[in-house]
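Good morning, everyone. Please look at the screen while I walk you through one chain.

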Amino acid sequence: MRPLLSANLRHRLQEHDPKWHVKAIIQAICTFLAFFALILFADATAVTNRHIRTAHGDWTDWMPIFPVLISLLYNPITLSFLFFRHNGLGKPIHPGWDVGTHLIIWALGIPSIVLSVGWGWFWWWQPVWLKFDDYIPCNGWNFWSQPCKPEIYTAGKLEIAANVFLGLLIIFEFTLFVLACIATHKHRRALVRTRAASNNIRLQYNRDPEDHAAQEPPAYTPRTDEPPVVQGATKYR
């Protein structure tokens, strides 16, 4: 079976970021979670607005759509850039973008899940307290029961499923945020080393690093066809 990625591409990805495969798997998982969370939250909002009259609408269910939508858009885009840029079709993304974006998703996801769970319709569920044979009166005893208010049970089930996906998404997004912070720290350290080396070349040789690299003689490589000479041995004719 032919591999999905060529050996050359895998080598370049490994050279750029040794943890690229871990990040790619987590981003694919986040895309999957965000897709289903978006559908469930949108469906819960539609059920609430269509069947349940509220004063300000179902804002606690459409608020989580923002971090979910950002994750759904950003992760597939960065995944595509990850492969395209190493094929010469794009430019590398600065890890600072990953830090900022995953931090926004995580920061918006925490209050969203708190408000969505805290104001969920499933808190209003109640059993049937009063029943006459097959007749269930929808009075104060049974007002929030499923036979009298089936729409809040539909919305509540959608909210529970959506918040499960959102909770998992927040966990994986926080993991990506930590990995992005580590990558940013390594990137800054590499820049500091590169700038220090460039400054040393300018001070020592009084020329630009590019000119110094062009004028520097190639490193000596011994010929492979010559037999090795043992140190201290005497050569006889």
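Start with the surface. The chain exposes about 16,300 Å². Carbon and sulfur atoms supply 65% of that area. Accessible areas here come from the Shrake-Rupley method with a 1.4 Å probe, and for residues only the protein chains shown count as cover.

A word on the source. This is a predicted model, where local features need pLDDT of at least 70, side-chain atom pairs count only at pLDDT 80 or more, and totals for chains, interfaces and linings use all residues. Residues are numbered from 1 along each chain as its sequence is written, and side-chain values use heavy atoms, with hydrogens and water left out.

Now the fold. How many helices and strands does the chain have? It has 7 helices and 0 strands. Both are DSSP runs numbered from the N terminus: helices are H or I, at least four residues, and strands are E, at least two.

Next, burial. Of the 237 residues, 33% are buried. Buried means under 20% relative accessible area, exposed means over 50%, and partly exposed is in between (1.4 Å probe, protein chains only).

Contacts next, meaning heavy atoms within 4.5 Å. Take those between residues at least 6 apart in sequence: 67% join residues at least 24 apart. K19 and L179 are separated by 160 residues, yet their C-alpha atoms are 8.7 Å apart in space.

F32, F35, F36 and I39 make a nonpolar patch of about 380 Å². I39 sits in helix α2, residues 20–51. I39 counts as partly exposed because its relative accessibility is 43%.

There is also a positive patch, made by K19, K186, R189 and R193. Lys and Arg count as positive, Asp and Glu as negative; His and the chain ends are not counted. Each charge is placed at NZ of Lys, CZ of Arg, CG of Asp or CD of Glu. K19 is in the loop between α1 (7–16) and α2. R193 lies in helix α6, residues 150–205.

Last, the salt bridge: a side-chain nitrogen of Lys or Arg within 4 Å of a carboxyl oxygen of Asp or Glu. The structure holds 1. K149 pairs with E151, their closest N and O atoms 4.0 Å apart.

Conventions: Patch = residues over 30% accessible without salt bridge, like charges linked within 9 Å, V, L, I, M, F, W, Y side chains within 5 Å.
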